[in-house]
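Please look over the model shown here.

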Amino acid sequence: MLRNKMLPKFLVYFLVLYAYGSLYILVQLNFPVEKALFLCSISFLFICLLLEILFPFRKDWLFYKDKQSWNDIFLYLFNTLVIVKANSLLQLIKMKLNIHFSIWPAEIPFIFQVLLAFLVFDFFYYLFHRLSHTLYFLWMFHAVHHSSNTMHLLKSNRSNLFFDAVPYLFLTIFPLAFLSPPKEVVVIMGYTLGIFSFLTHCNIKLDFPVWWEYFFVSPKIHYMHHLKTPENLIGYNFSTVTLFWDKLFGTYRHYHQPENMEVGIEKNPVHASVFWQIFYPFKR
């Protein structure tokens, strides 16, 4: 019995150790950084999918039972392709405009530079995410992400391209890029964002340490953001990594009985077709 209780907490440490340990090993083996990031992200994804099968938090949320999983995969690949191209465009714009600030505190320890980068990124993400729940025009696009009545790994990038994926890049990554932090800081931050996106949407029976849920988002905390309740229309728990801005602005809510949570949108207006999940806001 004790072993069963400890296993989920062991999985948390294993996943974190694997995510960063595998990346460190590949970099030490002189793998190109982009290739190492890709390999570690994909392997982490498949490990989490396997853990969802072996240790599901809720069996009714299993991805292979979800008819929308193929839509989620398509949206993930489609959005990722466009975001990569948009990111190249952003870097070109920055270079053409010759914009460069020298205010980044490169002299402070590396770990504090990474934490600062997360705080800056999380602020802009928090702001845009909160507006997506308060402005009806933005909500019509963001509703695609909330339209599922299940939570699992493939939901992490279930987003509408036009006012979720690309604006997310412009309004969160780009402001940070103008501060010109070292490339290593940006790489670690970007990789961590991907890992957190997988973790916070996963359907794995993970028992996160108390200290983690005091500072960082966990799956159960993010489930609260997806609750199918009237008071959640405006929303809470908007952060993607740290809980700093949610706690500062009073939009943090701790979870209660996550095993019985109903997620999704009441009277869901989002069509099951992947085509209309991309274009339905324009129709409406």
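## Burial and overall fold

A residue counts as buried when its relative accessible area is under 20%. Aspartate 72 has a relative accessible area of 1%, so aspartate 72 is buried. The model is predicted.

The protein chain has 284 residues, and 48% of them are buried. Its secondary structure consists of 11 helices and zero strands. Read along the sequence, the pattern is therefore α-α-α-α-α-α-α-α-α-α-α.

## A network of salt bridges

How many salt bridges does a search of the whole structure find? The search finds four. Aspartate 66 pairs with lysine 155, with the closest N and O atoms 2.8 Å apart. This pair links distant parts of the chain. Aspartate 66 sits in the loop between α2 (33–54) and α3 (69–97), and lysine 155 sits in the loop between α5 and α6 (161–177). The two residues are 89 residues apart. Both aspartate 66 and lysine 155 are buried.

Lysine 155 also forms a salt bridge with aspartate 72, and here the closest N and O atoms are 2.7 Å apart. Lysine 155 is in the loop between α5 and α6 and aspartate 72 is in helix α3, so this pair ties together parts 83 residues apart in sequence. Lysine 155 has a relative accessible area of 2%, so it is buried.

Aspartate 72 has a further partner, arginine 158, in a salt bridge of 2.6 Å, N to O. Arginine 158 belongs to the loop between α5 and α6, aspartate 72 to helix α3, and 86 residues separate them. Arginine 158 counts as buried because its relative accessibility is 2%. Through shared partners, the salt bridges join Asp66, Asp72, Lys155 and Arg158 into one network.

Is helix α5 mostly covered or mostly open? Helix α5 spans residues 136–146 and is mostly covered, with nine of its 11 residues buried. The buried residues are Leu138, Trp139, Met140, Phe141, His142, Ala143, Val144, His145 and His146.

Valine 241 is found in the loop between α9 and α10 (244–248). Its relative accessible area is 2%, so valine 241 is buried. Valine 241 and phenylalanine 121 are 120 residues apart in sequence. In space, they are 9.4 Å apart, C-alpha to C-alpha.

## The cavity

Rolling a probe the size of a water molecule over the atoms shows where empty space is left. One cavity of 30 Å³ or more is counted. The largest cavity holds about 50 Å³ of space.

Which residues line the largest cavity? They are Phe57, Ile204, Leu206, Phe208, Glu213, Ser218, Pro219, Lys220 and Tyr223. Helix α9 (residues 219–225) gives the most to this lining, with three residues. By class, the lining has six nonpolar, one polar and two charged residues.

## The second largest pocket

The second largest pocket has a volume of about 380 Å³. Its lining is made up of 19 residues. Tyr20, Phe118, Thr192, Phe196 and Phe216 lie nearest the centre of this pocket.

Which helices each supply at least two residues of the lining? They are α1 (2–28), α4 (110–134), α7 (183–201) and α8. By class, the lining of this pocket has 18 nonpolar, one polar and no charged residues.

## A nonpolar patch on the surface

Tyr13, Trp211, Tyr214 and Phe215 form a nonpolar patch on the surface. Together they have about 490 Å² of accessible area. Helix α8 (residues 210–215) gives the most to the patch, with three residues.

Phenylalanine 215 is placed in helix α8. Is phenylalanine 215 buried, partly exposed or exposed? Its relative accessibility is 47%, so phenylalanine 215 counts as partly exposed. Partly exposed residues fall between the cut-offs of under 20% for buried and over 50% for exposed.

Conventions
Residues numbered from 1 in each chain as written. Predicted model: local features only at pLDDT ≥ 70, side-chain atom pairs only at ≥ 80, totals over all residues. Heavy atoms only, no water. Patch = residues over 30% accessible without salt bridge, like charges linked within 9 Å, V, L, I, M, F, W, Y side chains within 5 Å. Areas by Shrake-Rupley, 256 points an atom, 1.4 Å probe, with all protein chains shown as cover. Salt bridge = Lys/Arg side-chain N within 4 Å of Asp/Glu carboxyl O. Helix = DSSP H or I, 4+ residues; strand = E, 2+ residues; numbered from the N terminus. Buried < 20%, exposed > 50% of the residue type's maximum accessible area, 1.4 Å probe, protein only. 1 Å grid on protein atoms, 1.4 Å probe; cavity = no way out; pocket = protein on both sides within 12 Å on 5 of 7 lines; lining within 4 Å. Points joined across faces, edges and corners; volume = space filled by probe spheres on them. Nonpolar A, V, L, I, M, F, W, Y, C, P; charged D, E, K, R; others polar.
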